[in-house]
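Please look at the model shown here with its charged and aromatic side chains in view.

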Amino acid sequence: MAYTAPMPRRGPKSGEFEEPKQERTRQQLARILSAADRLFAERGYEGTKIADIAAAAPCSISAIYDRFTGKEEILRHMHRGGAEEAITIIGRMKPPEEADANLRDVVPVAVRVGLELIRRFRGRRRAAAERVHADPELATLEFEINESLIGAGKRFLLAYRQQFEHPDPALASAQAMRLMMAMVEQRESVLPGMQRAELEDEPFIREVSRMVLGYLGVPQTS
């Protein structure tokens with residue numbers, strides 16, 4: 001499925017989103033989203049109320065409801081925005097026409113970027129993990145976002161296909177991206193009560209990179 005970029009405002013009459021026109025309104029929207037992200041990270045989805053977001057922004061409760069129908073829509077909007085940023089960053093990491101570096105140097109950078117992104121979006125990731133099974137629209141959005149991230153990562157890795165020994169570079173690139181995403185997600189689990197992985201960042205990055213490179217069939221260095 002194609003990824004749909006976020007559009008921030010729901011018009012009161014048309015029922016469609018529209019970009020805030022005034023700078024003050026854009027700043028208020030940014031404060032609302034930042035407050036929601038922070039509270040979702042601290043309290044989770046169920047533990048956060050619209051009144052809490054308004055107090056943290058700060059703004060009136062009506063200012064939030066003028067823009068969003070509720071927490072569900074705030075979360076979906078934030079989730080789309082985070083995914084759009086992540087896809088953009090992956091796309092800019094290494095243009096295919098410049099893909100002449102050693103993949104053994106490139107993959108650890110990609111894993112590190114994944115860690116940084118999931119930590120930056122910790123609040124919305126925790127809220128989505130709590131809510132996804134009860135919200136079919138969010139579940140569909142999560143699937144579309146994951147497929148878009150995998151597609152971006154696949155294109156990134158395929159630029160280095162000449163370094164693979166795997167017989168199917170396209171398949172291998174997509175599966176390697178899934179592996180990296182799963183490992184990072186598991187390490188940075190946002191659900192309360194989940195035990196953190198024992199490895200520190202650098203050993204973790206090294207071991208995930210080793211798994212990815214081994215699967216792709218990148219020859220061992222002498």
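Glu-137 is partly exposed, with a relative accessible area of 43%, where buried means under 20%, exposed over 50% and partly exposed in between, for a 1.4 Å probe and protein chains only. This is a predicted model, in which local features need pLDDT of at least 70 and side-chain atom pairs count only at pLDDT 80 or more, while totals for chains, interfaces and linings use all residues. Residues are numbered from 1 along each chain as its sequence is written, and side-chain values use heavy atoms, with hydrogens and water left out.

Glu-137 forms a salt bridge with Arg-76, their closest N and O atoms being 3.4 Å apart (a side-chain nitrogen of Lys or Arg within 4 Å of a carboxyl oxygen of Asp or Glu). Because Glu-137 lies in helix H7 (residues 136-158) and Arg-76 in helix H4 (residues 71-93), the pair ties together parts that are 61 residues apart in sequence; helices here are DSSP runs of H or I with at least four residues, numbered from the N terminus. Arg-76 is buried, at a relative accessible area of 15%.

A second salt bridge joins Asp-201 to Arg-187, at 2.7 Å from N to O, and links helix H9 (residues 201-216) with helix H8 (residues 169-187). Asp-201 is partly exposed at 25%, whereas Arg-187 is buried at 4% relative accessibility. Arg-187 also lies over the face of Phe-204, at 4.7 Å from the ring centre, the criterion being NZ of Lys or CZ of Arg within 6 Å of the ring centre and within 35 degrees of the ring normal.

Technical notes: Helix = DSSP H or I, 4+ residues; strand = E, 2+ residues; numbered from the N terminus.
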